[in-house]
Amino acid sequence: MERVTFPEEFFKNFFRFLEGEEPFKWQEKIFNLFLKEEIPSTITIDVPTGCGKTALMEIWVSALAWQALQGRVSLPRRLVWIVNRRTVVDQATDTAEKIQRKLEDLKETDGRTYEALKNLSLTGESGGPLIAVSTLRGELADNEEWKKDPTRPSIIVGTVDMIGSKLLFRGYGDGKWHRPLHAGLLGVDSLIVHDESHLSPPFTKLLFDLLQLRRRFSFPKRFFVITLSATARGGESVKLPLEEDENPVLRRRIFAKKFLYLHRSPNKVEKMVELALKHERSGSRVLVYVTSPEEAVEIRNKIGKKVGLERVGLLTGEMRGYERDLLVREGLYQEFRMNGKREIRETLYLVSTAAGEVGINLDAEHCVCDLAPVDHLIQRWGRVNRDGRGKAQVDLVYTDRDLDVKKALGAANAETLRYLESLSGGGEPIEVSPANLRKNPPSISAFSPEPPAPPLTADIVDLWSLTSLRLADLDPEGEREVELWLHGKEEEPQTRVIWREDIKWLTRVEKETVEEILQTWYRPIVREILTVRTERLVEFLKKAAEEDRVEEKYKKALLMKGDGIEVLPLTELTEERLKSATLFLPCEVGGLSEGALSEKDIGKAVKDVADGTVPFCGKGPAWAEKRRRYHARFDGDRGIWEIRELGSGKTEERDSLEEFLEELREKGKGGLSIKQVILSEDEPTGEPTEVLLYVGESKEESYTAEKEVPLGEHKRAVMEKVEKMVEKLALPEDIAEALRGAAEIHDSGKDDDRWQEAIGNAGRERGTLAKSRSRTFDWRACKGYRHELGSVLRALEKSDLSLHLEAATHGYGRPSFPDHVLEEMPEQVREQIRRFAELQRKLGWWELAYLEALLKCADALASEEG
């Protein structure tokens, strides 16, 4: 690229390099906004579908590159892209990964910019990618790149649940070590982009509340929020020059021809089917949107009866992730992709609920839909004639019931209909191009009602930030679960349902073991989850409890709500219990058809899809193949063990269980942990005769390594990493000095005979070690001693902040330690509780967690290299 001296010229060249196209004028405006020293804490960007919202990633990278060239970076190092749709997460991840690959080309095309970006981070200097890209959603493994080096620019993409819970110190699946690390890195030196923000008004409110709470704290690294939507709900937004832009691609999309016809009918389903079939001979793609999942199924079946089900797709939110993913990959769905090459010339139909309104890259020539609040309609119509090359017919069908103001959406529907009629000028068709809708915006009363959500207050954040403790112990009634703040209190409560083979055995096991399995070893993943309205699930469970095809031994389930788990018979699963909970059913209960709940399929075993999909704690894609479960039973008659792999059904036989376990360990090359759950024992000998085996990677802290690491060597490496971080991040001297102080005392407490014995180094014949090659860590040898508190005890003339950072290195100290540590080191534990409380009040919740994260990451980087 040419060397330029003006930021505007640089942006055009750099954007063209990344994207392959000229930037739109609105994108130039945002770039200039990013360069300002004082970016507003909140920005709302209202851009129609198809007009380049995702290019905000390229804009951020371009502004970061320009600032790196100038030698002064004020932009946040982390761009956190949050959206409440898995499919959008995947598309955004593709964009981020493309940017990551493209930046590596700078080495050949623009060495000066490449060096400037490389010098921003420790990882860049050592030859790693210029930016990290990580995806946080339940289905995918977190590759952990975003949290290895806080100095490296990172793009983190994820869902409201996954990123939102981590931001609030209560990340789903996180333990005590990860909770503050994730919150600190997401909440400081980060730019949150809430894409499709109209989908999650409570989360937008939460972000604004969070900003308001933190105004009283002053910290050198800040936190910003951008909300993106094609249907913003009014309020402050950046005025963007869309209609004035002469770019031919943008103009074609903004002024795309879309014409609406209104149809009042006593029979919605029949009328929608009739209107859809009018396009049968056109060879076009027809999107059919309807609010009710039950009506979606009915419409799909009626159209399919006329033209053949192979030409009619169905997409609803009440589908299990596994079947939904299969649908998205199949041929018919691919025909509806924007800019996709059409292989089929017959008319195709895709019937969808709100699940297909946002984020899925759909495009069609025509649309038939029912009446819904205006924010839903604008999203639906954004999937029709997206590129503006054709002329779309949009038919909207409504009944008198849709306008009943006593119903949940009745008032918004009625206001939406009045708005549409006002656009008509007394006749039809009604122009519903993005330009016309922007020129004549609807009133806020035409939008979907926002779910009520509680305000975010200091006392709530205080509670969540006590990350050494389980939330279930702090809040036994479950009134402060983060989900209520992330999603609000929905008018129609929902429940997540999961079918697994091992549930029939886990219902017989003690509660503590079940919690460990479901919350740590085999936590739920998106592909196995079906989200369904709680009211409907209650009716389904009543029928399942009465169904003779389901044996009595299978009529128990596990109910997980927050951190707590209950074993309950199907008859006791009330609506109140099921609201916002996760229900685990034995596969033998059945009740799933094409990924949707189905009463007629009760008793037909459901496929278990929990295995081989994600790593235990995010160690990269290769680990995904090693998450496995086995049921092993000793056959006394034959004297052998029968071992069946759950999910796949593959069966093996061994002379002894230990023989099979050793094989697993060998395959894992020492990296596997195996959890045994004993189901039955031989009465005379006490030997197990039936067990469940869970194979994964333990999240417990590890003091073992492939090679032994002397303590002095590790301490020097940590101090070196901290010094480089301080320099790269340009931290103020008082904070830098506290981090240096923490690095100086880091792990000094390992210089203790009890700790050295615990790692297999009794007598210190191999010197004083930070890590050993011992296979296990013997906690009994420590006798209640914690080495991080030992480090604090040995420290001389260090600040409270330095002492706290070291004490919190392994996840304890926020605020306390286990009882056996309190008994052994009572004064040190009490002092740490005091330090934590005072520092958090002084610095801020996320700010203190961020500083802890810097030391943790320095420790991890040093360990990785050592």
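Visitor: How are H27 and H28 oriented to each other?
Guide: This is a predicted model. In it, the axes of helix H27 (residues 711-729) and helix H28 (residues 733-745) cross at roughly 170° and come within 8 Å. An angle over 145 degrees counts as roughly antiparallel, and H27 and H28 are therefore roughly antiparallel to each other.

Visitor: Which residues make the contact?
Guide: From H27, Lys715, Val718, Met719, Val722, Glu723 and Val726. From H28, Ala736, Leu739, Arg740, Ala743, Glu744 and Ile745.

Visitor: And by class, what does the contact of H27 with H28 have?
Guide: There are eight nonpolar residues and four charged ones, with no polar residues.

Visitor: Switching to sheets. What is the order of the six strands in the open sheet with parallel pairing?
Guide: The order is E1-E6-E5-E2-E4-E3. Strand E1 (42-46) and strand E3 (132-136) are at the edges with a single partner strand each, so one side of each has no neighbour in the sheet. On average, neighbouring strands here are turned by 15° against each other, direction ignored.

Visitor: Which helix packs on that sheet?
Guide: Helix H10 (residues 201-213), which touches E1, E2, E5 and strand E6 (223-229). The direction of H10 makes about 155° with that of E6.

Visitor: How many bridges join E2 to E5?
Guide: Five, between strand E2 (residues 78-82) and strand E5 (residues 190-194), running parallel. One of the pairs is arginine 78 with serine 190 in E5.

Visitor: What about the five-stranded open sheet, which strands stand at the edges?
Guide: Its order is E23-E22-E21-E25-E24, with antiparallel pairing. The edges are strand E23 (651-654) and strand E24 (673-681); each has a single partner strand, so one side of each is left open in the sheet. Neighbouring strands are turned by 20° on average, direction ignored.

Visitor: How many bridges between E21 and E22?
Guide: Six, joining strand E21 (residues 628-635) and strand E22 (residues 640-645) in the antiparallel sense. Phenylalanine 634 has tryptophan 641 in E22 as its bridge partner.

Visitor: Which strands does H23 touch?
Guide: Helix H23 (residues 511-521) packs on this sheet and touches E24 and strand E25 (688-696). Its direction makes about 150° with that of E24.

Notes
Residues numbered from 1 in each chain as written. Predicted model: local features only at pLDDT ≥ 70, side-chain atom pairs only at ≥ 80, totals over all residues. Heavy atoms only, no water. Axes fitted to C-alpha atoms, helices over the stretch in contact; angles between N-to-C directions. Helix = DSSP H or I, 4+ residues; strand = E, 2+ residues; numbered from the N terminus. Parallel < 35°, antiparallel > 145°, perpendicular 65-115°, else oblique. Contact = heavy atoms within 4.5 Å. Nonpolar A, V, L, I, M, F, W, Y, C, P; charged D, E, K, R; others polar. Pairing = 2+ DSSP bridges.
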